[in-house]
Amino acid sequence: MIYPLIKKQFLLVIRNRRNFTLLLVMPLVLVFIINFAVGDLWQGEAPVLEGKLAIAEHGDEEEDLERIKREIADIPITDDQRNLVLQRIEQFKPIHILKTQVFGSDDLKQFIQLEEVSPEQIDILKKSGEYAAILEVPEGFTYHIIMNMFGVQTEKPAFHYYINEDKDFTAGIVMDILAAFEEEMKVNMLFERYDLQEFRVSSQDIQGSVVTVSKTNPLTSTMYYAVGMSVMFVLYIASTIGTYAYEEKRIHVFERIILASSSRWAYVASIFLTGTLLSIIQLFILYGVGSVIFKVNWPNINQFLLITLFLSMSVGALSTLLTAINYRTHSEQASSVFSNMIVSIIAFLGGSFFPVHLISSFIEKLGNLTPNGAAMSAYLTSLQGYGYGEIGNNLLYLIIFSFVITLIAAFIFPKRGEVA
Amino acid sequence: MLEVVDLKKQYKQTRAVDGVNLFLEEGEIVGLLGPNGAGKSTTISMMSTLIKPTSGDVRYLNESVVKHPQKLRENLGVVPQEIALYPELTAKENLEFFGKIYKMDKQLLKQRMEEVFQLIGLENKKKELVKHFSGGMKRRLNIGAALLHQPSILFMDEPTVGIDPQSRNYILDTVKQLNKEHHITIVYTSHYMEEVEYLCDRIYIMDEGKIIASGTKQEIKNILSSEQTFIVEAQSLKKEFIERFKKDGAVQQLSYSENKVTIIVPKETNYFHTIIQTVEEEKQELKSVEVQKPSLEDVFLHLTGKALRD
Ligand SMILES: Nc1ncnc2c1ncn2[C@@H]1O[C@H](COP(=O)(O)OP(=O)(O)OP(=O)(O)O)[C@@H](O)[C@H]1O
Ligand SMILES: [Mg+2]
C-alpha cells in the first residue's frame with residue numbers, strides 16, 4: 001500500500017529538473033565554490049584539541065610510602081609476605097605514573113600540558129580559566145590506596161577535579177583519561193586484595209584511551225563545508241515534498257487516493273518514508289562525490305550511516321509536518337516559508353555557513369537544537385574520529401526531534417471529511 | 001440501489017446543496033443537469049464520500065455511506081470534473097499508480113490497463129507524459145483512471161468540459177458502451193443539454209442547490225407540453241413589432257435579439273396566425289417563422305428563467 005505511493009513520489013521528484021538541480025547539483029557546486037574561497041584560510045590549522053592540565057598535591061607520595069613501610073610492621077602477616085610487599089611498593093607510585101607515564105607520554109604531551117601547582121593556588125587558577133582542568137590530589141592519597149589494597153579499611157581515596165566549562169572538550173578528554181586511570185587502580189586493589197596477581201598498573205593499559213585521542217583527525221575547511229552544505233540542502237527535500245503533497249490535493253489526485261480507501265496513516269507514513277529515503281540518497285550521493293573529489297573520508301562508516309539515517313528521519317518528519325500544514329492552510333505557504341526563510345536561519349545557527357560556535361556558546365547550543373546543527377556536530381565529531389559517546393547526545397536529539405515533529409504533523413493532518 | 005435523502009451542504013456563506021433527493025437504479029444512466037454553481041459537483045462529492053454532508057444521508061444498499069464509506073468505495077469509480085492526473089507521469093504510470101492503490105493484483109492490473117487503454121483509445125500514447133496530452137486525451141485518461149478496478153457504479157462530473165467535438169463524441173460513445181456492454185450504472189453531470197438528452201434515461205435538473213425537476217426525458221419535456229414556441233427571424237426586427245408581443249397577454253415568455261424573437265404561448269392558441277397578422281400590420285420584413293418542439297433547454301429556461309450556459 002505504501003510502496004506505490006513512495007514510488008510515485010520518487011518519479012515525481014526525478015522528473016522535475018528544477019528539484020533535481022536544487023537537491024543534488026547545487027550543494028556540490030557550493031562546496032566547490034566555498035572550498036576555493038575559504039580553502040586557504042584553513043590551511044595548516046592545528047588540531048582543535050589543545051589545553052593545559054594542572055595537578056595540585058596536598059601530600060607527598062614518597063612520604064606516604066615511608067609511612068606504609070613503618071606501619072606494615074603491625075599488619076599480621078609473615079615476614080616473607082612483608083618483604084614481598086615492601087618490594088612491590090617501591091614500584092607502585094600511582095601519582096608518579098600519572099605524571100610521567102600517562103600525561104608525560106609523547107602521544108599526549110602534544111595536546112595536553114601537565115603543570116604542577118601548589119594547592120594554595122587552586123582558587124586563583126580556577127578563576128583564571130587558563131587550565132582545561134585542575135586535578136587535586138588529597139593528602140595521603142597513595143597511602144590510602146595501598147592500605148585499601150591490603151584490605152585495611154581507611155578512607156576511600158579519590159581525586160578532585162575542577163572542569164573548565166569553556167574548554168569542555170579538552171577537559172572531557174582529561175576526564176576520560178583520569179577515569180580510565182582510576183578504574184585501573186581499583187582493579188589493582190581488587191587483584192591485590194584477593195591475592196590474584198601482581199600489581200598490574202602499567203601505563204600501557206591506560207594508554208588505550210590515550211591512543212584514540214592521538215588519532216583525532218584535524219578538520220579541514222573542505223570537510224567542514226561538505227558537511228555544512230549537505231545538512232542544509234537536505235532540508236529542501238522537506239519543503240519540496242510538502243509542495244508535492246499540496247499539489248496532489250490541488251490537482252485532485254488526492255481525491256482518487258482517498259476513494260481507493262487508502263488510509264491517511266499510510267499516506268502520512270509514505271510521506272515520512274519518501275522524505276527519509278530521498279534524504280538518505282541525497283546524502284549518499286553528496287558524500288560519495290565528496291569522498292572521491294574532496295577526499296572527505298569517514299573514519300567510522302557505521303557512525304556515518306547512523307548519523308545519516310537519523311538526520312534523514314528528521315527530514316522525513318519535517319516533510320510530514322510541512323505537508324500537514326500545507327493541507328490545513330490550503331496553500332503552499334508552509335513550504336515556501338520553510339525553504340525561503342527557515343532553512344537559511346537554521347542553516348546559519350547550525351553552522352553551515354561558518355563555524356558559529358566560535359562566536360558564542362549560546363549560539364552553539366541553539367545550533368545543536370536544529371536538526372541540521374545536531375547532525376553537523378555529529379558528522380564533524382565523527383570525521384575527527386571520536387567515539388559514539390561524543391555523538392550520542394546529537395543522535396538522541398535527532399531521534400526525539402523526528403518523533404515529536406511527526407506527532408505534531410499527525411495532529412495537524414486533517415481527518416476524513418474535514419474541509420481542509 | 002443508491003439513494004440520496006435530503007442532502008445539504010452549507011459552506012460559510014453559500015448553501016451549495018439545499019435538500020437534494022434522488023435515487024439510482026441498477027443499470028441506468030441518470031443525468032444531473034444544472035448551470036454553473038448549481039451544486040452538481042458538491043452533490044457528487046458527497047455521494048462519493050469525499051466530503052461530509054452538513055445534513056441528510058446517502059444510502060447504498062440500505063447502508064449510510066457517510067458512516068460506512070467502504071462498500072460504496074469498492075464499487076465506485078469517480079471521474080472528477082477536474083483532470084485528476086499526474087502531469088509529470090506517463091499515461092501508463094498514472095494508471096499503474098491508481099490501480100495499485102486499489103490493491104489490485106499485478107496480473108489483473110496489467111490486463112485491466114490493456115482493456116482500459118483500448119476503451120479510451122490511447123493504446124499508442126501509453127508512454128507519453130500526461131502534460132504533453134491534448135485536452136481531449138487528458139479527459140479520456142481521466143475517465144480511464146476511474147475504470148481500472150471495474151466499478152459497477154460510475155459518477156462522471158462534466159467529463160467533456162472544454163474539448164473538441166471529436167473527442168467529445170468519442171467520450172459520449174464510450175459512456176454509452178460502458179453502460180450497455182459493461183452494465184455500469186452511471187450518474188452523468190453536465191450543463192450540456194444535448195449530452196444528457198443523448199445519454200440519459202432519467203434526468204434531474206438542479207439549480208441553486210435544489211432539484212427543480214426530475215423524471216424521464218419525456219416526462220420532463222411534458223412540463224412544456226402545454227406550451228409552444230415560435231421563433232421569428234428577420235433581417236432586422238422593428239421595435240414596434242416586438243412591442244406588440246410584449247403587450248399581448250397570451251405571451252408567456254419572450255426573448256429577442258436584433259434579428260430573432262422567441263415567443264412562448266399556450267398550446268391551445270393558434271398563434272401562428274397572430275404572428276403572420278402582426279407581420280403584415282407592422283410591415284415587418286420576414287425571413288422565417290419556425291414552430292419549435294420543446295427541448296430540455298426550453299424546460300430549463302422555463303423552470304429557472306435563465307439559460308443553461310453563460
Ligand atoms: N469548498 C467550497 N467552499 C465554499 N464554497 C464552495 C465550495 N465548493 C463549492 N462551493 C460553492 O458551492 C456552490 C456549488 O458549487 P458546485 O461546484 O457544486 O457547482 P457545480 O454545479 O458543480 O458548478 P459547475 O457547473 O461550475 O461545475 C457554488 O456557489 C460554489 O461557489
Ligand atoms: Mg461542477
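Reader: How many helices and strands does chain B have?

Author: Chain B has 11 helices and 14 strands. This is a predicted model.

Reader: What share of chain B is buried?

Author: Buried residues make up 50% of its 310 residues. The chain exposes about 14600 Å², and carbon and sulfur atoms supply 47% of that area.

Reader: Why is the pair Tyr224(A) and Tyr225(A) called edge-to-face?

Author: Look at distance and angle. The ring centres lie 5.2 Å apart, and the limit for a pair is 6.5 Å. The planes stand at 80°, and over 60 degrees counts as edge-to-face.

Reader: What makes Tyr224(A) count as buried?

Author: Its relative accessibility is 3%. Buried means under 20%, so Tyr224(A) qualifies. Tyr225(A), with a relative accessible area of 5%, is buried too.

Reader: Why is the pair Trp298(A) and Tyr379(A) called tilted?

Author: The centres are 5.3 Å apart, which is within the 6.5 Å limit. The planes meet at 55°. Stacked needs under 30 degrees and edge-to-face needs over 60, so this angle leaves tilted.

Reader: How do you know that this pair ties together parts that are apart in sequence?

Author: Check where each residue lies. Trp298(A) is in the loop between helix 14 (264-293) and helix 15 (301-329) of chain A. Tyr379(A) is in helix 18 (residues 371-383) of chain A. The parts are 81 residues apart in sequence, so the pair ties them together. Trp298(A) and Tyr379(A) are both buried.

Reader: Which residues form one aromatic cluster with Trp298(A) and Tyr379(A)?

Author: Phe284(A), Tyr287(A) and Phe304(A) form one cluster with them. Over all chains, the structure holds 21 aromatic pairs.

Reader: How do you know that the charged end of Arg202(B) sits over the ring of Phe23(B)?

Author: The charged end of Arg202(B) is 4.0 Å from the ring centre. The distance limit is 6 Å, and the charge must also lie within 35 degrees of the ring normal. Arg202(B) is listed as sitting over the ring. In chain A, the charged end of Lys52(A) sits over the ring of Tyr131(A), 5.4 Å from its centre.

Definitions and conventions: Residues numbered from 1 in each chain as written. Chains lettered and ligands numbered in written order. Predicted model: local features only at pLDDT ≥ 70, side-chain atom pairs only at ≥ 80, totals over all residues. Heavy atoms only, no water. Phe/Tyr/Trp six-rings, centres within 6.5 Å; stacked < 30°, edge-to-face > 60°. Buried < 20%, exposed > 50% of the residue type's maximum accessible area, 1.4 Å probe, protein only. Helix = DSSP H or I, 4+ residues; strand = E, 2+ residues; numbered from the N terminus. Areas by Shrake-Rupley, 256 points an atom, 1.4 Å probe, with all protein chains shown as cover.
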